[in-house]
Amino acid sequence: MNFETTSELLEILKPYTENAVIDVSTDNVDGHNLNYKSEVVIIDGSNHVGFEVSENEVIVFYFTDHYHFEDYTSELQEGEENYIERAKQFLKELFEYKIRHIEYYKGKTISSEKYFVMYPDGREDECIGGAWYGFSKFINPFAKKSTHSTTWQFDKSKGVFTAR
């Protein structure tokens, strides 16, 4: 592995992933088909869950979303953990708790989606991710609104996320 951060993140996930098939790739290309130095770790390929580590950033991807952790675009606030510690905490919560995914539709077209961490005490964390597709020219503004909710949880025995 190229980065110590990758080892640290995998160590945090060890209690959850002993039955997971983990794939680590160091041969990566960017959007311009140019090679760059990073490590992509796939933990649950069927649900697109894993993370990418580069020199100064960690990107955690899950289902249809992702989250960037870095410290180079702004200074840390007093008492705020560095980006590696924040990524560790996020990954631990992703694998430890249930994740609620809510899709919002207009007619048959998805207009937005959100993800929430569901804690054992019943509270849901603020939105940890999502996307808004409001500028899509295919969304009918007069179509009936509906939602679809899926709750995901990591199944340690199978090494994958399952919908509940």
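**View 1. Strands β1 and β4 sit side by side, joined by three bridges and running antiparallel.** Here, strands are DSSP runs of type E with at least two residues, helices are H or I runs of at least four, and both are numbered from the N terminus; two strands count as paired if DSSP finds at least two bridges between them. Look for Val24, which stands opposite Val41 in β4. A quick note on what you're looking at: this is a predicted model, where local features need pLDDT of at least 70, side-chain atom pairs count only at pLDDT 80 or more, and totals for chains, interfaces and linings use all residues. Residues are numbered from 1 along each chain as its sequence is written, and side-chain values use heavy atoms, with hydrogens and water left out.

**View 2. Zoom out to an open sheet of five strands, in the order β1-β4-β5-β6-β7.** The pairing is antiparallel. β1 (23–25) and β7 (65–70) are at the edges with a single partner strand each, so one side of each has no neighbour in the sheet. From one strand to the next, the twist averages 15°. (Axes are lines fitted to C-alpha atoms, for helices over the stretch in contact, and angles run from 0 to 180 degrees between N-to-C directions.)

**View 3. Two helices, α1 and α2, lie across strands of the sheet.** α2 lies across β4, β5, β6 and β7, at about 15° to β6. Contact, here and below, means heavy atoms within 4.5 Å.

**View 4. The largest nonpolar core has 32 residues.** Such a core is a set of buried Ala, Val, Leu, Ile, Met, Phe, Trp, Tyr and Cys residues joined through side-chain atoms within 4.5 Å; buried means under 20% relative accessible area, exposed over 50%, and partly exposed in between (1.4 Å probe, protein chains only). Those with the most contacts inside the core include Phe51, Leu94 and Phe95. α2 (83–96) is among the elements giving two or more residues, and its seven make up the largest share. Setting aside neighbours within four places in sequence, Phe95 is in contact with residues including Leu13, Ile43 and Phe161.

**View 5. β8 (residues 98–106) and β9 pair antiparallel over nine bridges.** The two form a hairpin with two residues between them, and Gly107 in the turn has a positive phi of about 65°. Arg100 has Phe116 as its bridge partner in β9. Seven of the ten residues of β9 (109–118) are buried, so this strand is largely enclosed by the rest of the structure.
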